[in-house]
Every structure is written in C-alpha cells, then in structure tokens.
Amino acid sequence: MLLGLWLDQPLWAIFAVLALLFGALSAGLYGLSHRRRTRPLMRRLGAGMVPTYFTALATLLALLTGFVANDAWERQRSASRALQAERANALALYDLSLASASDMRNIRAALVAYLDAVIEREWPRMSEGGYAPEAGAGLRRLLETVSDPKITAEAGAPTHSALVSAAMALRSDRGERLALSQTASDGTKWLTLLILAALTLVALGLVHTEHPAAQATVLTTFSLAMVTTLGLIALHERPFDGPLAMSAEPLVIARTAVAAPAP
C-alpha cells in the first residue's frame with residue numbers, strides 16, 4: 001500500500017521522499033556520533049570495525065539493486081514490445097484488407113472502432129490496472145468480421161488465414177498489455193532493498209565515527225547515490241503509470257493510418 005502511494009507521486013515527490021528518508025537517517029547517525037551523551041556508545045560500536053564488514057552489506061545491496069532494476073526494466077521492455085506488436089498487427093490487418101481483391105471496408109471499420117476504444121477508453125484506465133469493456137467488445141466484433149466464411153470464397157483461403165492470424169495476434173498483444181498493466185509491484189523486494197540500504201548506511205557511518213568530516217562526506221555521497229538509483233528504478237516500476245508512463249502514440253499512429261481513405 002505504501003509502495004503504491006509512493007509510486008503514485010509526481011517525479012519530484014518520488015525523489016523527495018527518498019531524499020528525506022536517507023537524509024534523516026544520515027543526520028541521525030551523524031548526530032548520535034558526535035553528541036556528548038551518545039558519542040562514547042557510537043565509538044564503542046564502531047571500534048575495530050573493518051571494511052570487510054560493510055563491504056559484505058554493500059555487496060548484498062548491489063546484487064539486490066541489480067535484481068530490482070532488471071525486473072523493472074524488463075517489465076518496461078515487455079510493455080514496449082507488446083505495444084509495438086499491437087501496432088504492427090493492426091497495420092498488418094489493415095494492409096491485408098487493402099491487398100485483397102474483395103471489398104473489406106467492414107474489417108477496416110471494425111479495426112478503427114477497436115483502436116478508438118483502446119485509445120479513448122481503455123488507455124486511461126490502465127494506469128489503475130483496469131480495462132475497457134468497450135475495447136473487448138470491439139475486438140470481438142473485429143474477430144467476428146474477420147472470421148466470416150464468405151471471405152474465403154471472395155479473397156481465397158490464404159488471405160483469409162492471414163487475416164485471422166493477424167486478428168488473433170492483435171488479441172494476444174492486447175492480453176499481454178493488460179496483463180503487464182495489472183501486475184502489482186512487489187512491495188517485499190522494495191522493503192528488503194531499503195532495509196539493506198539503511199544497514200549499509202549505518203555501517204558506513206560507524207566506520208568513520210572518529211572523523212566527522214569523512215563521516216559526513218561518506219553519508220552524503222552514499223545517500224545521494226541511493227536516492228538517484230532507487231528513484232530512477234522506481235520511475236520504471238510501472239510502465240503504464242507514473243511520471244514515465246508509456247504513451248498510446250503507437251496506436252494513435254496506427255489508428256490514423258487505418259482511418260485514412262483507401263487508395
């Protein structure tokens with residue numbers, strides 16, 4: 001729930017929340033390390049600590065960060081491939097309808113209606129993991145139109161088979177797009193990542209308790225690195241929502257081409 005609330009924020013707020021979190025933790029560590037009452041305890045905790053200690057934590061953090069980043073980018077790439085495939089199959093269906101010797105204006109009209117429903121009604125709902133029944137109904141009408149047995153007699157079996165294949169591929173592309181938009185973010189991986197980052201920050205702070213300037217530099221540098229890295233990963237966590245949400249422009253281009261008067 002908290003992860004979803006964070007990812008729903010605008011671009012500046014996503015980075016601001018991370019900056020506030022790491023800034024507060026860094027300031028707390030620095031204050032505890034140099035206040036008169038808590039300084040002896042912090043120095044005892046950091047006494048004898050060797051770099052290997054925080055290196056192990058940093059290695060675990062790097063591995064988990066790579067895993068989370070790869071998962072986010074792969075979801076983004078899959079969404080882009082599904083969208084481009086949907087556009088390509090819509091244009092293939094349009095081209096096949098033009099290449100046929102028979103009149104297929106009804107197929108082009110059904111295709112335009114489907115693309116309109118996707119762009120105007122379904123796309124805005126995908127940011128919340130929803131879909132548009134109108135798009136589903138439009139796709140069914142398109143499949144019914146393409147599956148008409150009369151097409152075999154008028155255009156030939158090869159053309160009819162190619163039309164049906166393109167329409168079924170379009171259906172598959174829509175299903176994949178909706179599945180990606182409805183996939184919920186895994187909050188456990190983000191929680192684990194933040195805990196490891198906090199533990200690494202604590203370890204770095206304890207190593208430099210006797211050198212205030214070095215401690216401040218290390219805490220600030222590490223915090224900036226984590227804010228930048230985690231913020232960029234978060235921007236790609238949900239491909240159809242957030243500040244970097246994918247646009248329906250490829251489908252708009254396909255719709256414009258399909259709706260153009262046949263030559």
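**Ground rules.** I number residues from 1 along each chain as its sequence is written. Because the model is predicted, I keep in mind that local features need pLDDT of at least 70 and that side-chain atom pairs count only at pLDDT 80 or more, while totals for chains, interfaces and linings use all residues, and that side-chain values use heavy atoms, with hydrogens and water left out.

**Overall fold.** I looked up the secondary structure and found eleven helices and zero strands in the chain, where helices (H or I, at least four residues) and strands (E, at least two) are DSSP runs numbered from the N terminus. I then checked the extent of the chain, whose C-alpha atoms fill a box of roughly 90 × 30 × 30 Å along the principal axes. The radius of gyration is 27 Å, well over the 18 Å that the globule rule gives for 263 residues, so the chain is more spread out than a compact globule; the radius is taken over C-alpha atoms, and the rule is 2.2 Å times the number of residues to the power 0.38. I noted that 41% of the 263 residues count as buried, with buried meaning under 20% relative accessible area, exposed over 50% and partly exposed in between (1.4 Å probe, protein chains only).

**The cores.** I next looked for nonpolar cores, meaning sets of buried Ala, Val, Leu, Ile, Met, Phe, Trp, Tyr and Cys residues joined through side-chain atoms within 4.5 Å. The largest has 36 residues, and Leu-93, Ile-107, Leu-111, Leu-115 and Leu-142 have the most contacts inside it. Helices H4 (51-99), H5 (105-126), H6 (133-146), H8 (157-182) and H11 (249-259) each give two or more residues to this core, and H5 supplies the largest share, ten residues. A second, separate core of 28 residues includes Leu-57, Val-68, Ala-69 and Ile-233. Returning to Leu-93, and setting aside neighbours within four places in sequence, I found it in contact (heavy atoms within 4.5 Å) with residues including Ile-107, Leu-111, Leu-142 and Val-146.

**H5 against H8.** I followed these two helices, whose axes come within 13 Å and cross at roughly 5°; axes are lines fitted to C-alpha atoms, for helices over the stretch in contact, and angles run from 0 to 180 degrees between N-to-C directions. H5 and H8 are therefore roughly parallel to each other, a term for angles under 35 degrees. Among the residues that meet are Ile-107, Tyr-114 and Trp-123 in H5 and Leu-163, Arg-174 and Leu-178 in H8.

**Val-68.** I found this residue in helix H4, where Val-68 counts as buried at 0% relative accessibility. Beyond residues up to four places away in sequence, Val-68 touches Lys-189, Trp-190, Leu-193 and Ile-233.

**Leu-3.** I located Leu-3 in helix H1 (residues 2-7), buried with a relative accessible area of 15%. Leu-3 and Ala-234 are 231 residues apart in sequence, yet 9.7 Å apart in space, C-alpha to C-alpha. Leaving aside neighbours within four places, Leu-3 is in contact with Ser-185, Asp-186, Gly-187 and Trp-190.

**Thr-200.** Apart from neighbours within four places in sequence, the contacts of Thr-200 are Leu-57, Ala-58, Leu-61 and Phe-222.

Notes
Parallel < 35°, antiparallel > 145°, perpendicular 65-115°, else oblique.
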